Amino acid sequence: MSVIPVSYYLVLSAVLFGLGVVGVVFKRNIITIFMSIELMLNAVNLAFVAFARAHNQLDGLVFVFFVIVVAAAEAAVGLAIVIMITHNRQSLNVERVNFLKF
Amino acid sequence: MLILNHLWIIMALPLLGAALNGLFGKNWAKSAINSIAIGSVSLSFLAVLELIREFARLTPDQLPWIGNYFTWISAGSFRIDFSLQIDQLTIVMLLVVTFVSSLVHIYSTGYMAHEDGYYRFFSYLNLFVFFMLTLVLGANLIVMFVGWEGVGLCSYLLIGFWFLKQSAISAGKKAFITTRLGDYAFTVGILLAFWTFGSLNFTDMFKSLAQMPSESLAHAGVLTTIAILLFIGAIGKSAQIPLYVWLPDAMEGPTPVSALIHAATMVTAGVYMVARMNPLFSRAPIAMLVVAIVGALTAFYSATIGLLQTDIKKVLAYSTVSQLGYMFLGCGVGAYAAGIFHLMTHAFFKGLLFLAAGSVIHAMGGEQDMRNMGGLRKQIPITYWTMFIATLAIAGIPGFAGFFSKDEILDAAGSGPYKNIALWILGLIGAGLTSFYMFRLVFLTFFGRERFDHHKVHVHESPKNMTVPLMVLAFFSIFAGWFAAPHLVGGTDYFEHFLHPVFAAYAPQGAGVEQAASLAGSAGESGGIAPNPAMELVHAITGPPVIVAVIGLLLAWWLYIRRPELPGKLAESMRTSYRVVYNKYYIDEIYNALFVAPLLFISRYVLWRVVDEGLIDGVVNGSASVARGTGSRLRELQSGNARSYASWVVLGAVGFAVLLLAILGVTH
């Protein structure tokens, strides 16, 4: 059984990350943006895991756990913010959340 | 030796008075302001009297007595001490300044009684006395210059005392700016003096001068240059041709100010300076000639203007310019003592004339035009008599103060070692004109029919605090000249004898000039045994100056009392020349066209519109608008739109990655 080369994982990771970036930049729905950020985080996780496996080292795996923990915390705080904004603005459109301007 | 050891007391008293009244006087009662103002100056006068008592005990080798208080400026070899100096010349000046100042202060309590800013007036007046004393007491040119500028400042403040009146403000500025022109030359002269002598102390300068040979009329060197530069300062301060124009305008100030500053003391500072620097001037014959010519020309020229003025104070102003010309003429022909003598007698009689004119103006309720006066002698007898005495004194009628001093000056101009017949004739004609315009003033004001409306003007004699100073000054206008009286019968001229050491100590050595020294010092010494005192006396009181004075008197009497319709006809028949003189030779207009208008044009259209608005504002506004333009572009980045921030982050990350790859690509 042949081993899948690490570059395959990296390409997949890059594609997922690019999708996340495109989602953050072009989507207006704040929930979608949020999900795109999660996607980017997981793309990075994938890269970490792939490298950890390829080099037979545990460091990458440890990082992944950290990222997952931070992502969970971020999801909790972020969703709370989203709820508050939605209460205030009656909208999920991120374009309307620009009151920090100037 | 209290005052001699503490000379500063004399000048500190008026300064204290000025500070107290100026800082706290606003809410004080007039009596409090009066007692501080008069008290400080008269205490200063008493200090001077005490000083004279102590001074009399000094031996000649202790003179000049110098009080050195502290080192004021020290930079390399340049060292200026704050030091004061006492010698005979200072004593005379101190007496005149403090005495006349005290009288003017007393007079002002009556004259200014109904004015706003009472405390301000007395504060300025005290400050003036302080600076004047600094000028007189200074033992080096720099301390003297401080006083010199300080009196100019006080003059400016007091001319513009009624600062709501446009003409007063302009007159103040005119005085300040015009004298500044002279002061520029004066400062250059001081620098050159330091460069030449290595010190600015009078005694040091005179000692190094004593080692220097005299310059001649054919050869003008650095001494002549210094002397002329200093004299240009005196031209500005003492209102001589061509910078005299500020003094007549200075009459916008209150009359006591005209009496004290613009007649008795400040304007004579130039004469004092020339007399003080006599070792320098005596070694620079060309400068002496310049001084004499400027003095004689001014004496004659401004007397002609005085002939036709109708404002009582303007007549006196031109008269002051003219009399200052006599003082310079005296100094210029080597008779420094005569110049200072005239300075002293002039301080008394011209101060009196101004104060009496103020009393007339007071009596007439503010009227200054002599054409609207007349017949006042019965209603204001004290003013009339004192003013008449002063007029006799200035006209040079024998027995009165002005006779002695003016006679000495003309004598020196006509027969001294520096004699100059052309200048003597100019001075003589000027003396005749002086007599004419002064008696014209008296006759127009006090004689003839009354040319004002009785119902509108309530003529009244001034209060005691105004008339008493008049009477005191009248006393001195008669007797201040009598120090020189024995000279007429071949005896000693005590005034010249007193000043002799100042003018003889550093007089240049040489055949022709030794004579000058003896003239400057004590002309009377040789005449101990005159052949016939009675003949000398007759000769003196029937000399040319007296004859022209009497002619002036008679002419004025003929024109303004005997045939009062004649002056109008004369003016009609000589219309053109009358116009020119009446308009003061259009000098103000000429200066305006030559200097003021171009200066204003350049200031307004070149300096303001082009340089200031174009260049300076352009640079400032330009840098501001560049910053604002950049800012307004850059602030669009701060859209507040989270997605645009995210795009920038991505762009940055991509750019960074590309950069990294590029670097890696290059290194591998």
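Q: Where is Lys584(B) placed in this model?
A: In this predicted model, Lys584(B) sits in the loop of chain B between helix H27 (575-582) and helix H28 (587-634).

Q: Turning to chain A, what is the phi of Asn56(A)?
A: The phi of Asn56(A) is near 60 degrees, which is a positive value in a residue other than glycine. Asn56(A) belongs to the loop between helix H2 (30-55) and helix H3 (59-89) of chain A.

Q: Is Asn56(A) buried or exposed, then?
A: Asn56(A) is exposed, because 6 other C-beta atoms lie within 10 Å and 12 or fewer is the cut-off for that class.

Q: Next, the strands of chain B. How do E1(B) and E2(B) pair?
A: Strand E1 (residues 65-75) and strand E2 (residues 78-86) of chain B pair in the antiparallel sense, over 9 bridges. Ser74(B) has Arg79(B) as its bridge partner in E2(B), and Phe70(B) has Phe82(B).

Q: What lies between the two strands?
A: The hairpin of E1(B) and E2(B) has 2 residues between the strands, and Gly76(B) in this hairpin takes a positive phi near 65 degrees.

Q: Why is E1(B) said to lie largely in the open?
A: Strand E1(B) has 11 residues and the number buried is 0, so the strand lies largely in the open.

Q: Which peptide bonds are cis?
A: One of them runs from Leu63(B) to Pro64(B), with omega near -10 degrees. Pro64(B) is in the loop between helix H3 (30-55) and E1 of chain B. A cis peptide bond also joins Ile241(B) and Pro242(B), with omega about 5 degrees. Pro242(B) is found in the loop between helix H9 (222-237) and helix H10 (246-249) of chain B.

Q: Now helices. At what angle do H15(B) and H18(B) cross?
A: The axes of helix H15 (residues 312-332) and helix H18 (residues 401-415) of chain B cross at roughly 45 degrees and come within 9 Å. The two helices are therefore oblique to each other. Their crossing is left-handed.

Q: Which residues meet there?
A: From H15(B), Tyr326(B), Leu329(B) and Gly330(B) meet Lys406(B), Ile409(B), Ala412(B) and Ala413(B) of H18(B).

Q: Why might residues three or four places apart point the same way?
A: An α-helix has 3.6 residues a turn, so residues with that spacing point the same way.

Q: One last helix: how far does H19(B) reach?
A: Helix H19 (residues 421-446) of chain B has 26 residues and reaches 37 Å from its first C-alpha to its last, close to the 38 Å expected.

Q: Is H19(B) mostly covered or mostly open?
A: H19(B) is mostly covered, as 22 of its 26 residues are buried. The helix is followed by Gly448(B), whose phi is positive, near 75 degrees.

Technical notes
Residues are numbered from 1 along each chain as its sequence is written. Chains are lettered from A and ligands numbered from 1 in the order in which they are written. This is a predicted model: local features need pLDDT of at least 70, side-chain atom pairs count only at pLDDT 80 or more; totals for chains, interfaces and linings use all residues. Helices (H or I, at least four residues) and strands (E, at least two) are DSSP runs, numbered from the N terminus. The expected span of a helix is 1.5 Å times one less than its number of residues. A residue is buried if 20 or more other C-beta atoms lie within 10 Å of its own, exposed if 12 or fewer, and partly exposed in between; C-beta atoms are placed from the backbone. Two strands pair if DSSP finds at least two bridges between them. Axes are lines fitted to C-alpha atoms, for helices over the stretch in contact, and angles run from 0 to 180 degrees between N-to-C directions. Angles under 35 degrees count as roughly parallel, over 145 as roughly antiparallel, 65 to 115 as roughly perpendicular and the rest as oblique. A crossing is left-handed if the near helix is turned anticlockwise from the far one by less than a right angle, and right-handed if clockwise. Two residues are in contact if their C-beta atoms, placed from the backbone, lie within 7 Å.
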